[in-house]
Amino acid sequence: MTLINAGSTAFEFDVVEPEAEVFSRTSRPPVKVTVPRAATAPRWLSYVIERLNELALLVDDPDEDLPAPSQAVLNRALEEANRLLPPSTPTPSVVPTTEGHVQFVWHKTGWDVEVEIGMEETWVWAQDRESGESWSGSLDERKGELVSLLHRMATDLH
Amino acid sequence: MDDDNEPRDITSDDALLRRVINRADFLEWHADLERWVPATGAVRFDPDGMSTYVERFLREAGDSAADVGTMGGSKDPEPVFSVTVEQACLLDFAVSQTPDDRTPIGYAHASVERPSGQFTGDFKSARSQLAQSMRLVHGRITLAAPDGA
């Protein structure tokens, strides 16, 4: 049994053996995560892991000016997802940035939300499209607002 | 044309075309619009601005959005998105024709330049709005929407 904290909530995952290798880039050591039982898996988990796997295989492309995120950034992205996103959170897009970071992005419920994970820090930016109200800052500063917004998005699913 | 690479006037009605690679690295799912929009990596600004092509100039020379989609030797045509000069300027971006003789359609090249002096949050807002203003005008996005988005 694995406990993963998501904001003020802790939820449980049943571990299915064997553990899965998430990142398979040959030159990088694999990172292992436990795979939750399907019935209790967060709705975003499968897609986020799939995308992080794809990003692990990304090769620097000078023509597209899009550096491949490092292993450390990919690891942090998965950790932050597990820490921040309640199971009912809508699935985000998972994209690399020109700084070599990983970004979780939602355009939902009238809001644009970006959570950008770097080597050591995580930043948040959000904007209400109708009012134009926006806020941004480090995750430490904005965690409460982010969790509230994610909850609102999750509620909108039903 | 002898003057292919001479800058010409761009009007607010002109459509700017940008190729976006058909991969989840370059596209974000917009749940409210129920369509893909260009991601950060596809709406990026180097010191020369964001590279686009003026549709009118292409059309006048007998080219089209299809030529933008096959730039860079893409085996399969990539999706091409369009945004008007007016939409970009309303978000405080500047647009200028910047002919580029390194590509066959470089005569139609235009740069969208990042507003100067903006705070990061304001720039993110402008860039996000610009991306959401962009419409797919050529090619096809073959990605499925993320499950649970």
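**Entry 1: a buried pair**

Buried here stands for under 20% relative accessible area, exposed for over 50%, and partly exposed for what falls in between, with a 1.4 Å probe and protein chains only. A note for anyone joining me: this is a predicted model, where local features need pLDDT of at least 70, side-chain atom pairs count only at pLDDT 80 or more, and totals for chains, interfaces and linings use all residues. Residues are numbered from 1 along each chain as its sequence is written, chains are lettered from A and ligands numbered from 1 in the order in which they are written, and side-chain values use heavy atoms, with hydrogens and water left out.

Next I looked up how the two side chains meet: Glu114(A) and Lys124(B) form a salt bridge at 2.8 Å, N to O. The pair joins two chains, because Glu114(A) lies in strand 7 of chain A and Lys124(B) in helix 4 (residues 120-133) of chain B. For a salt bridge, a side-chain nitrogen of Lys or Arg must be within 4 Å of a carboxyl oxygen of Asp or Glu. Helices (H or I, at least four residues) and strands (E, at least two) are DSSP runs, numbered from the N terminus.

I then found that Lys124(B) also meets Glu116(A) in a salt bridge, at 3.4 Å, N to O. This pair too crosses between chains, from helix 4 of chain B to strand 7 of chain A. Lys124(B) and Glu116(A) are both buried.

**Entry 2: where the chains meet**

I checked the whole interface and saw 31 residues of chain A in contact with 28 residues of chain B; contact means heavy atoms within 4.5 Å. About 2300 Å² is buried between chain A and chain B, and carbon and sulfur atoms give 47% of that. Buried area is the accessible area (1.4 Å probe) that two parts lose on being put together, summed over both.

The rule finds four salt bridges across this interface. Arg129(A) and Asp32(B) meet in a salt bridge through their side chains, 2.4 Å from N to O. On the side of chain A that touches chain B, at least two residues each come from helix 1 (45-56), strand 5 (93-96), strand 6 (102-108), strand 7 (111-117) and strand 8 (122-128).

**Entry 3: other salt bridges**

Within chain B, the side chains of Arg56(B) and Asp14(B) meet in a salt bridge (2.8 Å, N to O). They are 42 residues apart, with Arg56(B) in helix 1 (residues 55-60) and Asp14(B) in the segment before strand 1 (15-19). Arg56(B) counts as partly exposed because its relative accessibility is 23%, and Asp14(B) counts as buried because its value is 4%.

**Entry 4: helix 3 of chain A**

I followed helix 3 (residues 139-156) of chain A and found a bend of about 35 degrees at Glu145(A). The bend is the angle between axes fitted to the seven residues ending at a residue and the seven starting there. Among the buried residues of this helix are Leu139(A), Leu146(A) and Met153(A). The buried residues of helix 3 pack against helix 2 (71-84), strand 6, strand 7, strand 8 and strand 9 (134-138) of chain A.
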